[in-house]
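Please look over the sequence and the structure before reading on.

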Amino acid sequence: MAFYIFDNGSTLGPMEESEVVQGVHSRRFSATAKACKVGDNEWRPLSEVVPLPNSSQFQWPQMPKIDASSVINGVAAKLTNLAGAETIEGLDGKRFFSEAFKKRSDDDLEQLFITGTAPTTPALSEINTDWPKPWAFFKAFIASVIVLAGFLYGWFHFQNPKLLPGLIFVGSFAIPFSTLILFVELNVPRNVSLYQVFKLCAFGGIGSILISLFLYSAFDAENAWGSALAAGLFEEAAKIGAALVLMRNRRFHWTLNGLLIGAAIGTGFGAFESAGYALNSFFNDLGNALNGSESNEMMWTMGIRALLAPAGHIAWTALAVAALWRVKAGKPFDWPMLKDPRFLRVYALVATLHFLWDAPIAVPLLGDELGLLAKYVLLGIAVWVLLLGYVQVGLKEIRLAQKESSPAPTANSEIVAV
């Protein structure tokens with residue numbers, strides 16, 4: 001027996017009873033539709049004309065199961081391949097952070113930071129090329145939070161303006177410097193001293209800011225999109241330029257050295273910039289107070305920029321400089337190196353990430369504030385996947401150098417079977 005179906009203003013059919021049942025469960029039309037037998041002129045509820053089985057009796061099509069870890073690994077592989085890095089292998093997150101919560105003495109911290117001098121730089125054969133197990137950055141982060149909490153308590157409890165410079169300084173520099181310590185620990189060659197790191201933070205930070213301002217003065221952005229594009233191109237180029245000027249010593253030739261050099265310059269740039277934003281927000285708060293309204297823009301600005309610091313300038317510049325150091329490979333800089341695809345595509349990725357960060361867009365359907373925060377989180381995950389890919393490149397680079405530096409066995413060498 002055949003039937004006509006009337007649903008949402010449309011007439012379907014004729015169709016057999018089995019087709020009607022399948023049409024309901026495939027949601028081609030609803031179970032509340034009207035039905036009419038062929039040759040009959042009376043429309044009645046579908047359930048009165050065609051016997052429909054209960055939903056429990058109907059076997060819904062099985063959706064394919066999605067393995068979340070496979071999806072994440074696939075996206076990570078595509079990102080690292082796009083950057084010319086290698087797919088991350090052998091990284092165990094639990095092992096990576098296994099040292100973070102262990103009790104450490106002041107002597108342990110001092111030994112870690114006595115690095116980069118002639119007596120403390122390990123020989124090539126002594127460099128450990130396993131995945132690092134950083135811990136000092138976590139201790140520094142906790143200490144930074146405690147100091148910042150002290151300044152916040154003093155500011156809100158006493159409202160003493162003498163606390164303001166310290167509050168801005170700690171709020172702008174504490175978490176960036178904690179993140180920089182992570183890059184010190186990732187630099188397994190241990191050949192970059194803290195003097196070099198702080199030189200890069202100070203001179204690289206202010207130098208790249210001045211270069212960026214000079215480039216901005218020659219480019220008049222007409223809207224937020226133009227400003228975001230200029231930020232991505234100019235600021236990243238300025239920080240790379242600062243790295244080339246300040247680090248011409250061929251002793252710092254490893255890709256992992258490039259990660260630390262870039263992170264140090266990015267730390268200085270980002271921290272100085274955050275301090276400027278915090279001070280500007282303070283004046284806005286002051287102006288609002290004089291007009292009879294209260295605002296807390298400074299605290300909001302400092303808090304957000306501090307929390308997002310590890311995903312911003314520090315990470316972008318570390319990645320870009322590491323790519324250039326990979327191309328340089330200990331040779332003096334030459335302009336054609338900037339055309340090398342291994343550097344060029346990473347610079348394009350970094351500039352794009354920076355552009356998207358500053359662009360007036362957010363993840364849709366989440367609202368303005370939550371969508372904006374979600375955008376920052378996604379971009380931060382992307383850049384850290386790329387960074388870890390470059391850590392692996394750097395570790396393999398050192399392993400290869402160790403292998404090439406090991407003397408090959410001679411014909412007279414005694415080989416002992418194990």
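## The sheet

Strands E1 and E2 pair with each other in the antiparallel sense, and 5 bridges join them. The model described here is a predicted one. Within this pairing, Phe 6 has Thr 11 in E2 as its bridge partner. The two strands E1 and E2 make a hairpin in which 2 residues stand between them, and Asn 8, located in the turn, has a positive phi of about 55°.

On E1 there is also a pairing with E3, again antiparallel, in which the two strands are joined by 4 bridges; here Tyr 4 has Cys 36 in E3 as its bridge partner. Strand E3, covering residues 34–37, is in turn paired in the antiparallel sense with E4 over 2 bridges, and Ala 35 is found opposite Arg 44 of E4. E3 and E4 likewise form a hairpin, with 6 residues between them, and in its turn Gly 39 has a positive phi of about 95°.

Taken together, 4 strands form an open sheet with antiparallel pairing, and their order is E2-E1-E3-E4. At the edges are strand E2 (10–16) and strand E4 (44–45), each of which pairs on one side only.

## A helix across the sheet strands

Helix H1, made of residues 17–25, lies across strand E1 (2–7) and across E2, and the angle at which H1 runs to E2 is about 130°.

## The pairing of H6 and H7

Two packed helices are described by the angle between their axes and by the distance between those axes. For helix H6 (residues 136–158) and helix H7 (residues 164–186), the packing angle is about 175° and the axes are 8 Å apart. Because angles over 145 degrees count as roughly antiparallel, H6 and H7 are therefore roughly antiparallel to each other.

On the H6 side, the residues that make the contact include Phe 137, Phe 141, Val 147, Leu 148, Phe 151 and Trp 155, while on the H7 side they include Leu 164, Leu 167, Val 170, Ile 175, Ile 181 and Glu 185. By class, the residues of the contact between H6 and H7 comprise 16 nonpolar, 4 polar and 1 charged.

## The largest pocket

The largest pocket holds about 820 Å³ of space. Its lining is made up of 34 residues, and those that lie nearest the centre of the pocket are Ile 304, Arg 305, Leu 308, Trp 357 and Tyr 376. Two or more residues of this lining are given by each of helix H9 (224–246), helix H10 (255–290), helix H11 (297–308), helix H12 (313–328), helix H13 (341–358) and helix H14 (368–405).

Which helix gives the largest share of the lining of the largest pocket? That share, 8 residues, comes from H10. Sorted by class, the lining of the largest pocket consists of 18 nonpolar, 9 polar and 7 charged residues.

## The cavity

The residues that line the largest cavity are Gly 90, Leu 91, Asp 92, Arg 95, Phe 96, Trp 131, Pro 132 and Lys 133. In terms of class, this lining has 4 nonpolar, 1 polar and 3 charged residues.

Terms used: Residues numbered from 1 in each chain as written. Predicted model: local features only at pLDDT ≥ 70, side-chain atom pairs only at ≥ 80, totals over all residues. Heavy atoms only, no water. 1 Å grid on protein atoms, 1.4 Å probe; cavity = no way out; pocket = protein on both sides within 12 Å on 5 of 7 lines; lining within 4 Å. Nonpolar A, V, L, I, M, F, W, Y, C, P; charged D, E, K, R; others polar. Pairing = 2+ DSSP bridges. Contact = heavy atoms within 4.5 Å. Axes fitted to C-alpha atoms, helices over the stretch in contact; angles between N-to-C directions. Parallel < 35°, antiparallel > 145°, perpendicular 65-115°, else oblique. Points joined across faces, edges and corners; volume = space filled by probe spheres on them.
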